[in-house]
Amino acid sequence: MTEQSPALDNLLTENRTFPPTDEFAAQANAKADWYDKADADREAFWAEQAERLHWDTKWSQVLDWSGAPFAKWFVGGKLNVAYNCVDRHVESGHGEQVAIHWVGEPGDTRDITYAQLKDEVSKAANALASLGVTSGDRVAIQLPMIPEAIVAMLACARLGAMHSVVFGGFSPAALRSRVDDAEAKVVITSDGQYRRGKAAPMKTNVDEALDGAASVEKVIVVRRTGEEVPMGERDVWWHEFVDGQSTEHTPEAFDSEHPLFILYTSGTTGKPKGILHTSGGYLTQVAYTHHVVFDHKPGEDVYWCTADIGWVTGHSYIVYGPLANRATQVVYEGTPNTPHEGRHWEIIQNHKVSIYYTAPTLIRTFMKWGEDIPAKYDLSSLRVLGSVGEPINPEAWMWYREHIGAGKAPVVDTWWQTETGSIMISPLPGVTSTKPGSAQRPLPGISAKVVDDTATEVGKGGGGYLVLDKPWPSMLRGIWGDDERFRETYWSRFADQGFYFAGDGAKYDNDGDIWLLGRVDDVMNVSGHRISTTEVESALVSHPTVAEAAVVGASDPTTGQGIVAFVILRGAAAEGGDEAVQELRNHVAKEIGPIAKPRQIMVVPELPKTRSGKIMRRLLRDVAENRQIGDVTTLADSSVMELISSGLKSGK
Ligand code: ATP
Ligand code: MG
């Protein structure tokens, strides 16, 4: 411990814990002694995890870190990622098992077995190969959540081509910059997509994006909504071009370090970064984490991750992890309130979903809609609940456990990033006594620490910077085309120690469990106290009238920064008024201390969020400091900022 003031004050305390039941523990995939086992010999531990996969050639070295920060895992090993996710399950006699229960937004459905998935992926691989797509080429994919999205990704992996998936809601400009950055040869898209019950165009946006895009030779168009679309010279229909291809395709084995995909980060803090992932280490860690964190049992569980394929969660926990582990999963195309607010619970009931993985933003939305909605459905099949994307407020965690998990399904709060490729910090169901709001502990095989400015680990109860101090198999292998930005962004802050700096603040509680406290860029400095936005937001959300809260530090002449909170109130309380606001300020002071009492609380109808549901605090800081609003291109709905600003001007 050092004498300096802490990097982050520790305000919120939480005493509730939920030990696993004996029944759950007895059947759990994860074992308590794995932590020690992995610590004793990290490389041997990961080598054992890599045995989950089929390798055409075994590796000769587990880790080569001599070129740090560029890692090589399973050096000399060769494998085909798509073979591992599809073919081998058919070969082991599970071809008839359903891989994907697909549910379309308008109510249409498709069940796809592993044998059918193998045929579809082989056809798509043959189609791409006939266009000259080959190992190392880049293919951009902008599709809604339809089976072809997964098929297209696997077809690329099968050929050793890299995919760059772009979220379906992104603008032509956002697609174009990603296509140009990766110099994509082929783009795969659809005629349109369903959004909130209506067909919206997709192909026309893609045409606009690709006007003059020199690298693009072909555009493959999946028919989804059936609307008229102009087909130009370089365009082909998926059903005309892919469906007639042969279902025979021999997968080639690629080097363990062969690139698998590029994916751009959410852009919550600034310009998105093109994160590069490779094959063997990535697939090893997504398969391992999906197995232990969700306690997944192939052939028994029905798994559902609600992410979009355009985010890393869709890559790792819809495509690669679950399929490598022979999961049967639900893939849902639409929004959670189309056609009604019980849509998710209805799907869980119909498909007997047993593992459900979603984001805090959605859980808070469900809370706002009311617990009487899930109460109408039979959710008794659920046995593990996951959360990812943002810190989950303790009250949202409790609601999730009580109202969705019937007070018994373990909740796993999983911390990770596009850059880490897979889950890094999370409880293990059946092993860990869970705590509302805490991601708790690095997984066996992973090492993470909370350190201060001098890279010294803080003690129990202390706060600081979250770092990863040992390489891990699914770590990013760089930023596409920009090695310098890679070193600068992640490795320069603690260069002497060789730590990866994640950009997030965190603390240890008195048991030594880790709590994520949001971005360090968002940490507030109030009269010399370093206060995390997450803790103040959690205190606000713990008040019964508050549905959602976002907190920022605005410059203040006397205290350095003052805390400004934006809150969405629940149904009946929605009007707000001075008294309600005063009560909330006092509530925060009571929950975590007078220093954290917000200077100002603004009642708003919505909060600015990225398409993956993360609150964009930098825009709210612009509002709080009366500045011109910054770049809104990665917002899900850019009109939200106008709504917020105009509501404030009208005196709310
Ligand atoms: P950019 O890096 O472009 O600003 P981003 O960081 O939002 O975008 P992602 O990689 O999608 O892009 O998100 C990773 C971040 O999400 C983490 O760094 C962390 O801040 C947050 N996060 C994810 N899961 C959790 C979690 N369980 N608890 C707390 N924070 C989480
Ligand atoms: Mg980030």
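These legends walk through several close-up views of a predicted model.

Residues are numbered from 1 along each chain as its sequence is written, while chains are lettered from A and ligands numbered from 1 in the order in which they are written. Because the model is predicted, local features need pLDDT of at least 70 and side-chain atom pairs count only at pLDDT 80 or more, whereas totals for chains, interfaces and linings use all residues; side-chain values use heavy atoms, with hydrogens and water left out.

**View 1. Helix α7 and its buried face.** Helix α7 spans residues 172-182; helices (H or I, at least four residues) and strands (E, at least two) are DSSP runs, numbered from the N terminus. Its buried residues are P172, A174, L175, R178, V179 and A182, where buried means under 20% relative accessible area, exposed over 50% and partly exposed in between (1.4 Å probe, protein chains only). Looking down the axis of α7, these buried residues fall within an arc of 165°, so they line one face of the helix; the arc is that of the directions from the helix axis to the C-beta atoms. As a reminder, an α-helix has 3.6 residues a turn, so residues three or four places apart point the same way. The cover over the buried residues of α7 includes strands β6 (138-141), β8 (186-190) and β14 (259-264), together with helix α8 (203-210). Contact here means heavy atoms within 4.5 Å.

View 2. A173 is in helix α7 and is exposed, with a relative accessible area of 58%. Its C-alpha atom is separated by 9.2 Å from that of N205, 32 residues apart along the chain. Just after α7 comes E183, which sits in the loop between α7 and β8. Phi of E183 is near 50°, a positive value in a residue other than glycine.

View 3. In helix α3 (residues 42-50), the buried residues are R42, F45, W46, A47, Q49 and A50. They pack against helices α2 (34-40) and α10 (280-293), and against strands β1 (61-64) and β2 (72-75). For orientation, an unreviewed UniProt entry annotates residues 33-85 as "domain: Acetyl-coenzyme A synthetase N-terminal"; UniProt positions are given in the numbering used here, feature names are shortened, and annotations may be inferred rather than shown by experiment. Over residues 33-85 the chain is 40% helix and 19% strand, with its end C-alpha atoms 29 Å apart.

**View 4. Two cis peptide bonds.** The peptide bond from A68 to P69 is cis, with omega near 5°, and P69 lies in the loop between β1 and β2. Another cis peptide bond joins T338 and P339, with omega about -5°. P339 is in the loop between β17 (328-332) and α12 (343-351).

**View 5. R158 and its partner D87.** R158 belongs to helix α6 (residues 147-159) and is buried, with a relative accessible area of 1%. The side chains of R158 and D87 are joined by a polar contact of 2.9 Å. A polar contact is a pair of N or O atoms within 3.5 Å; within protein, one must be able to donate a hydrogen and the other to accept it, and residues adjacent in sequence count only if both atoms are side-chain atoms. Leaving out residues up to four places away in sequence, R158 also touches others, among them N80, V121, H249 and F254.

**View 6. D504 and R530 in the annotated binding site.** The "binding site" annotation in the unreviewed UniProt entry covers G389, E390, P391, D413, T414, W415, W416, Q417, T418, D504, R519 and R530. They are spread over 142 residues of sequence and are also spread in space, up to 26.9 Å between C-alpha atoms. D504 is in strand β23 (residues 500-508) and counts as buried at 10% relative accessibility. The side chain of D504 makes a polar contact of 2.8 Å with the side chain of W415. R530, in strand β26 (residues 529-531), is partly exposed, with a relative accessible area of 24%.

**View 7. S527, between two strands.** S527 is in the loop between β25 (524-526) and β26. Its phi is near 45°, a positive value in a residue other than glycine. S527 is partly exposed, with a relative accessible area of 43%.
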